[in-house]
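Opening the notebook on this one.

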Amino acid sequence: MTILFASAELFPFSKSGGLADMASALPRALNRKGQEVTAVTPLYAFIDKKKYNILKTEESFRLKIGQMVHDVEIHRCEYEGVEILFVYNEILCNRQHLYGPPGGGYPDNDLRFAIFCHVVVELLRCGNYDLCHLNDWHTALAALLAKETGVESRVVYTIHNLAYQGIFPPSSLERCGIDARHFTPEEIEFYGQVNWMKAGIGFADAVTTVSPTYAREILMPEFGCGLDGYLRRHSAKLRGILNGIDPTLYDPGSDPSLPAHFDAENFAGKAECKAALCRDFELDDLARPLVVFIGRFVAQKGMEWIIEALDALAALPANFIFLGEGEERYHAALEAAAGRTANLRCFFGYDEALSHRLYAGADLLLMPSRFEPCGLNQMIAMRYGTIPVVHAVGGLRDTVHPAGSGRCGEGFPFEDGNACGLVAAIEKALTLTADPQKLEALRRFDMGCDFSIGRCAEEYRQLYGELLSGSPSSKGEL
Ligand code: ADP
């Protein structure tokens, strides 16, 4: 089976979150299962072409979209056994950030990703792929264009986060090369605007999202971001497939970012990782449990609850490190708290190596998301023997079960979505960390759980097979 896998970000070339991890790991895992997957992604200006031996191909073409003509080059490399095609166009790629500066989006993101989608469809037309796997709103338009162009490849569309839908004014139809006949509520019109997410949901042959619980949640108004009704209409082709992580990239036994290595049989290296972090962040009292937060500083990740809880957290017998970037108001509140509190530190920015050191050196990972399509942090944390404290929603509910439940993995999920629920869950977790034997047993248990991308790839392989054999893809876990 030949598959074209399209994503706006792909680790290690570009990454803003879990989409990049999945776009990197899934094609690799599928290839290992005998599928022939080619990934396609933009060649952003910040990607180091030399380092990855990315070379320009003979394929360059001019695309007429609306009234404008856009020059496109195709570059390629092979990365860990996967062929990766890179789309270069000046408007799409010549930017400092993927989507815009922290907290904002570029005003021409519609045109940028329309160019990418048109190229994806051009590749489908010429490339003889059995199937095309699209991810998130940036690639959703390709589902509509593929059907319109008569491309025969089956189309799978994965929603990684329904909150980001790609909504643009009607004037963008023309410049993105979208036929105005699609501008109806049944297709891509959304309260007078153009909604790309609807194109993905409506035109794909199968729609997946990244956890079974999120697949159910988005059918309800509370989590549906205005599209719950539209999703209910298309629910026969929706299923939740739990994401996974690349166990070789996140391996405490060999991770090159760590000052010391460890495994479930010997945690001495983990203690060294913690000591190094406490030294670097000038945190006293190594014996205190270390709680970390890694992620975007946005409302989705529970920042309001965190900010409200900061004083209560400061009073706990634990140290805290927050790594992330996002909205200014959250930066300011965290910075102020770090200034008045001896046990709280922040690092503002995106730092892959530091994130690995935090996963490895921490005792607890805090992830109080208001909603969470899947979440990778909690799976990565468990791989490094770090116990997750999470709000029980979406993929967090599917992956973190109460300590002692015997279900893979275990941690401290809390039901009350507010600051008090968060603090109570950390307090509960701290009673466990106070007992070294219980803590070690739980670490060992979580490290033995399989959250690998291989399991996820197997479910996708089955879905692709169903689509190609023509059997309906309605056996989802809804
Ligand atoms: P998201 O909603 O952001 O996609 P996920 O939990 O699915 O959240 O994935 C987040 C990924 O991004 C993880 O690999 C996490 O380690 C990484 N990450 C998030 N913020 C940062 C940061 N500031 N620095 C380094 N890595 C980060």
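Predicted model: local features only at pLDDT ≥ 70, side-chain atom pairs only at ≥ 80, totals over all residues.

**Ligand shell.** I find 22 residues surrounding the ligand. The closest are Gly18, Asp21, Arg296, Tyr359 and Leu376. By type, the shell splits into eight nonpolar, eight polar and six charged residues.

Next I looked up N and O atoms facing the ligand. Lys15 puts a polar side-chain atom 2.9 Å from a ligand oxygen. Tyr350 also uses a polar side-chain atom, at 3.4 Å from a nitrogen atom of the ligand. For Asp351 I noted a backbone N or O atom, and it lies 3.0 Å from a ligand nitrogen.

**Cover.** How much of the ligand's accessible area does the protein cover? On its own the ligand has 560 Å², and the protein covers 93% of that.

**Which elements line the site.**

**Where the ligand sits.** I then checked the domains. Domain 1 (2-244 + 454-469) and domain 2 (268-450) both contribute shell residues, so the ligand lies between them.

**Disulfide.** On to the cysteines. How many disulfides does the structure hold? I get one. The partners are Cys408 and Cys449, with an S to S distance of 2.2 Å. The angle about the S-S bond is -85 degrees, and I wrote the link down as left-handed.

What does the pair tie together? Cys408 is in the loop between strand E18 (401-402) and strand E19 (410-414), while Cys449 is in the loop between helix H16 (436-447) and helix H17 (453-469), so the link joins parts that are 41 residues apart in sequence.

Are the two partners buried or exposed? Cys408 is partly exposed at 40% relative accessible area. Cys449 is buried at 10%, because the cut-off for buried is under 20%.

**Cysteines without a partner.** I also looked at Cys93, which is in no disulfide. The nearest cysteine sulfur belongs to Cys117 and is 13 Å away. Cys93 has 0% relative accessibility, so I logged Cys93 as buried.

Cys273 is in no disulfide either. The nearest cysteine sulfur there is that of Cys278, 11 Å away. With a relative accessible area of 2%, Cys273 is buried.

Technical notes
Residues numbered from 1 in each chain as written. Heavy atoms only, no water. Near = heavy atom within 4 Å. Polar contact = N/O pair within 3.5 Å; in protein donor to acceptor, adjacent residues only side chain to side chain. Areas by Shrake-Rupley, 256 points an atom, 1.4 Å probe, with all protein chains shown as cover. Nonpolar A, V, L, I, M, F, W, Y, C, P; charged D, E, K, R; others polar. Domains from an automatic or database assignment. Disulfide = S-S within 2.5 Å. Helix = DSSP H or I, 4+ residues; strand = E, 2+ residues; numbered from the N terminus. Buried < 20%, exposed > 50% of the residue type's maximum accessible area, 1.4 Å probe, protein only.
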